[in-house]
Amino acid sequence: MTDQPRRRSPHAPNRPGKPYRRPQKDPVRILAFEALRAVDERDAYANLVLPPLLRKARESAEAGSGPRFDSRDAALATELVYGTLRHQGTYDAIIAECVDRPLREVDPPVLDVLSLGAHQLLGTRIPTHAAVSASVELARVVLGDGRAKFVNAVLRKIATHDLDGWLERVAPPYDEDPEEHLGVRHSHPRWVVSALWDALGGGSAGMEELLAADNERPEVTLVARPGRSTPGELLAAVGEQTAEPGRWSPYAVRLTEGGEPGALEAVRDGRAGVQDEGSQLVALALANAPLEGDDRRWLDGCAGPGGKAALLAALADLIGAALLVAEQQPHRARLVAGALAGNPGPYQVIAADGTRPPWRPESFDRVLVDVPCTGLGALRRRPEARWRRRPEDLEGFAPLQRGLLREALAAARIGGVVGYATCSPHPAETRAVVEDVLKGRGGAAVSAEWIDARPLLPGVPELGDGPDIQLWPHRHGTDAMYLALLRRTG
């Protein structure tokens with residue numbers, strides 16, 4: 001399996017055919033196709049594209065200006081989009097066995113229809129005849145009769161085997177090429193498999209579990225911002241049949257059967273929010289790290305889009321501390337300000353570059369920098385990211401990550417605590433960054449010592465040898481968040 005994205009040809013014009021009947025428009029599959037086209041054509045993310053498409057379909061149905069579209073339709077459309085994206089690499093390998101040309105020569109919209117069809121055949125319980133006929137009808141609507149015949153022929157070939165049967169044919173044996181075997185079987189680029197293996201260590205069993213977890217649908221997790229709402233309030237509002245307390249964070253509530261967080265009053269008015277439990281744990285660990293002396297001034301030096309900042313603001317308010325929140329991009333700074341709106345405690349949101357800070361050195365007692373990264377720790381939520389990132393992206397982020405950590409340490413007072421966090425388990429983005437900064441590689445050495453972060457996550461198992469921590473989807477049910485805590489000593 002190649003690590004390169006699909007190299008697709010320009011969109012060829014439709015060749016009008018002479019259909020015997022008008023193709024049937026299926027609003028669910030047309031919506032899924034539109035979402036996939038946006039992801040491919042505009043490098044959009046499905047979690048940003050899909051919600052407005054679903055909302056528009058529901059509103060049109062309610063107004064009588066569009067076909068019926070209920071919650072079951074929305075659930076199916078969501079499964080088709082995310083399932084297709086999560087298993088794109090696997091389906092590409094299978095489709096490649098069923099066409100008479102390289103995939104890069106298949107028209108991009110045709111490939112999207114084929115991928116949607118492959119997911120229905122191999123990844124859902126939709127009956128074979130229904131999956132094929134629905135996909136061919138979609139092709140007739142969006143591609144025309146001529147290419148619909150091609151789609152029909154390819155999908156009938158795919159339907160001759162189930163997923164396990166296809167994997168036996170397209171994935172090389174594990175003993176011959178373990179990384180490629182796992183990459184094809186679990187739809188990850190080879191270099192990502194290699195990087196995750198380095199970070200995880202151990203044998204193949206752990207890797208299989210991790211890669212499989214990357215392809216599972218993540219639960220929606222809420223955070224009850226302390227002093228403003230409680231998990232009990234959220235559980236009562238959601239209903240105990242569809243929600244449970246978080247596994248590790250005392251402020252977390254998991255929506256076990258999906259749902260719409262925006263329908264909750266506490267979420268609408270900012271007293272609660274949507275936040276992965278791993279991100280909650282990062283903020284909690286920084287807030288609870290032992291500190292001598294003043295504890296009045298906190299800094300989030302790289303805050304967009306604002307989830308951790310909102311939790312930090314609530315935690316700071318509990319002890320009377322003030323929070324300064326910085327985000328370089330003005331539009332993202334506005335998002336952060338919106339996330340913090342209504343927080344009663346003292347805080348300020350500014351648009352500022354954390355590598356060229358406007359604040360004075362040694363001004364803060366606690367500092368967090370959740371640095372930009374490849375996002376390999378959140379592949380459950382953004383499955384398309386695995387195909388967009390390249391190994392060279394690590395070099396692109398490296399100077400920024402080290403610069404942000406170096407300035408975060410400079411911003412902390414002597415004895416102050418700094419948290420370095422990233423949503424990536426890649427060793428080049430985690431411990432290597434911290435060690436380089438502490439040893440002065442690429443800049444002046446900084447006097448700081450490690451703080452063992454593990455005791456600050458009570459009850460969370462399998463945190464490794466420390467002193468830093470790495471969370472994992474398959475072990476903790478969270479994004480693969482990394483956290484290093486440091487105390488400035490000079």
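Tyr-420 and Tyr-482 are both buried in this predicted model. Their ring centres lie 6.3 Å apart with the planes at 70°, and the pair is therefore edge-to-face, the cut-off for that class being over 60 degrees. Tyr-420 belongs to strand β9 (residues 412–422) and Tyr-482 to strand β12 (residues 482–488), so this pair ties together parts that are 62 residues apart in sequence.

A search of the whole structure finds two aromatic pairs. Trp-359 and Phe-364 are both buried.

Another aromatic residue, Tyr-45, has arginine side chains over its ring. Arg-382 lies over the face of Tyr-45 at 4.2 Å from the ring centre. Arg-388 also lies over the face of Tyr-45, at 4.7 Å from the ring centre.

The remaining part of this account concerns helix α15. This helix comprises twelve residues, 307–318, and spans 17 Å from its first C-alpha to its last, close to the 16 Å expected at 1.5 Å a residue. Helix α15 is mostly covered, with nine of its twelve residues buried. Among the buried residues are Lys-308, Leu-311, Leu-312 and Leu-315, together with alanines including Ala-309 and Ala-313. The cover over the buried residues of α15 includes the strands β1 (220–224), β5 (297–300), β6 (322–327) and β8 (364–370), as well as the helices α14 (277–288) and α16 (330–340). After α15 comes Gly-320, which has a positive phi near 80°.

Methods. Residues are numbered from 1 along each chain as its sequence is written. Side-chain values use heavy atoms; hydrogens and water are left out. Helices (H or I, at least four residues) and strands (E, at least two) are DSSP runs, numbered from the N terminus. The expected span of a helix is 1.5 Å times one less than its number of residues. Buried means under 20% relative accessible area, exposed over 50%, partly exposed in between (1.4 Å probe, protein chains only). Contact means heavy atoms within 4.5 Å. Rings of Phe, Tyr and Trp (its six-membered ring) pair if their centres lie within 6.5 Å; planes under 30 degrees apart count as stacked, over 60 as edge-to-face and the rest as tilted. A charge sits over a ring if NZ of Lys or CZ of Arg is within 6 Å of the ring centre and within 35 degrees of the ring normal.
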